[in-house]
Amino acid sequence: MNISQTVLISLSVFFSACIRDSKEKLPDVDFKRTDNTVVVRMESDADRLNTLLTQSQYGRMPSDLAQLNLMTYNDSLELIPYMVKGQPEIKDLPNNAVSYTFEMLDEAVWDDGKPVTGHDYLFTLKTILNPKIEGVLGPFVEEIKDVQVDAKNPKRFTVVMSPKTIYSLEYATNSFSVIPQHIMDPKGLMKSIPLADLIDPAKTEALASNPKIVEFAELFSSPAYSNDPKYLVGCGPYRIESWTPGEKIVVKKKKDWWGDKVVKTNPLLTAYPDEIIFKIIVDPAATTAALKNEEIDVTNRITPEDFLALQKNKAVSDRYAFHNPATMAYYCIPVNARNPKLADKRVRQALAHAIDVDEIINEIYLGFAERIASPVSLSSPDYNKKLKPIPFDIKKSKALLAEAGWKDSNNNGIVDKVINGKSTELSLNFLYAAGKETSQQLALLIQDNAKKAGIDINIQAIDGREAIGRWATHDFELLSAGRGIAPIWSPEQNWRTDADNRSGFGNAETDALIDKIPLTFDSKKRREMYHRLQEIIFDEQVEIFLFAPKDCVAIHKRFSAEPVSNSPGYAPAEFKLKK
């Protein structure tokens, strides 16, 4: 979901979702494997397996089976209790603050049998806020101002947040997994550090040189805490057994896992497989071969061509079920409005009219996508349905360019204009991540059609990490990208003028809307503001919205399993072996 930060921007990349047991009987075919082990194909290796430090979807996929959040989203995208007793007690406080009181499930324990408590939650928060630890979760806990653990019942604790926003409960419960204080900090180094000091910017600089802060940060940031199964512990159903970089990550179901005792009342805690193996297969052709050989049980992101071909292969279709779930992501073309050639929104609109998105969907993605007009999920009630995707219209594109002062003065087929006293042709560099065939095909189609409007597109394949860096530092003109979509649209990070605003969008009106939205609890009024902000984003076209892709997922038929709407499109812990 994003050439940059797909996974962690969407606050919860998770596996938990209610899956309906399939009533299908086992096919009358011989399977190569009949064991209760799910082999998951991962298209890239993890960066690390520390749940608080990983910046990769592939690091979270295994770690999310070992650690749990307080609450999570079900398949209907409702935030519901996960390892706490029911919804929290909510109390409004002065100065637009709010408190949430939770109680951990009585059964929730760590691997050594010690109870999961509010002290562990507090320790996890302190770890995220440690100024010497480089993580990505800090922005999601900025609203947390205090954590009070009940002296008589440590499983009961209160989280105070300010200001109160529509995201407060999400940030308090689903932005991070809880880790064990007594295992991760055996010396108690963080115990004596007040949370108030970690929150106070005035004290952060002094804390950075605190010996306890430094010692713990070095320990927590060490390779052992990201790679060694001894430290990759949690209260989830699985234990990380091994990681062979570039090859596989193995997790095994814990014996006598506490969640099995309460799964009937909390189905999100379902964990059927005895073992889950994340097998790293980068190449699409190798993935297809692995499916044909029954070496893997589930994979997403099958290329559309391979997906259709596999369905026609009887030997494969007898053994695998094929699904096309919607994804919580969208593809777009970011446009750098800070660039003088692209500063006029009419030029950006002309670019949008010069892109045949329907052709891209049909020719490259074989129809497995839906057109979009804003960065909000199509299934969300906050999506502005009045906005219609910009049609492919070369005549309109030329008219907009002419209106903005661009014309082909030397008859070379490329429009030009005098900018800062110098004749400048509308020649634009288009960046895409090398090795992505679909991105290359997309770039070629855009290049071909843009030329008809008098726009010269120079396509350039670069390393994916370089593309991320150039997008983040505004060193681009056009690029191929994607973003993840959170269950609740939070425009602060990507669309506020003083935030991670990569295309130069925004003004006083949009900043005011972005500031008011999270403070507006009247859903009707909030939706009006959401819709107005989308209208402005659509008009400015600093991101040319292309489509929301549909995933191509294959799941082995020896398991009862359904796809889910959340990344990665399946929930391996809920794969139930058919009898």
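Trainee: In which sense do strand S13 and strand S21 pair, and over how many bridges?

Mentor: Strands of a sheet pair through backbone hydrogen bonds, either parallel or antiparallel. In this predicted model, strand S13 (residues 329-334) and strand S21 (residues 543-549) pair in the antiparallel sense, over 4 bridges.

Trainee: Which residue in S21 does Ile-333 stand opposite?

Mentor: The residue opposite Ile-333 is Ile-544 in S21.

Trainee: In what order do the strands of the open sheet follow one another, and which are the edge strands?

Mentor: The open sheet is formed by 4 strands in the order S14-S21-S13-S20, with antiparallel pairing. Its edge strands are S14 (369-371) and S20 (481-484), each of which pairs on one side only. On average, neighbouring strands of this sheet are turned by 35° against each other, direction ignored.

Trainee: At what angle do helix H13 and helix H15 pack, and how far apart are their axes?

Mentor: Two packed helices are described by the angle between their axes and the distance between the axes. Here helix H13 (residues 345-353) packs against helix H15 (residues 394-403) at an angle of about 165°, and their axes are 8 Å apart. Because angles over 145 degrees count as roughly antiparallel, H13 is roughly antiparallel to H15. The crossing in which H13 passes H15 is left-handed.

Trainee: Which residues in H13 and H15 meet?

Mentor: From H13, Arg-346, Val-347, Gln-349, Ala-350 and His-353 take part; they meet Ile-394, Lys-396, Ser-397, Leu-400, Leu-401 and Glu-403 in H15. Sorted by class, the contact of H13 with H15 has 5 nonpolar, 3 polar and 3 charged residues.

Conventions. Residues are numbered from 1 along each chain as its sequence is written. This is a predicted model: local features need pLDDT of at least 70, side-chain atom pairs count only at pLDDT 80 or more; totals for chains, interfaces and linings use all residues. Side-chain values use heavy atoms; hydrogens and water are left out. Two strands pair if DSSP finds at least two bridges between them. Helices (H or I, at least four residues) and strands (E, at least two) are DSSP runs, numbered from the N terminus. Axes are lines fitted to C-alpha atoms, for helices over the stretch in contact, and angles run from 0 to 180 degrees between N-to-C directions. Angles under 35 degrees count as roughly parallel, over 145 as roughly antiparallel, 65 to 115 as roughly perpendicular and the rest as oblique. A crossing is left-handed if the near helix is turned anticlockwise from the far one by less than a right angle, and right-handed if clockwise. Contact means heavy atoms within 4.5 Å. Ala, Val, Leu, Ile, Met, Phe, Trp, Tyr, Cys and Pro count as nonpolar, Asp, Glu, Lys and Arg as charged, and the others, Gly among them, as polar.
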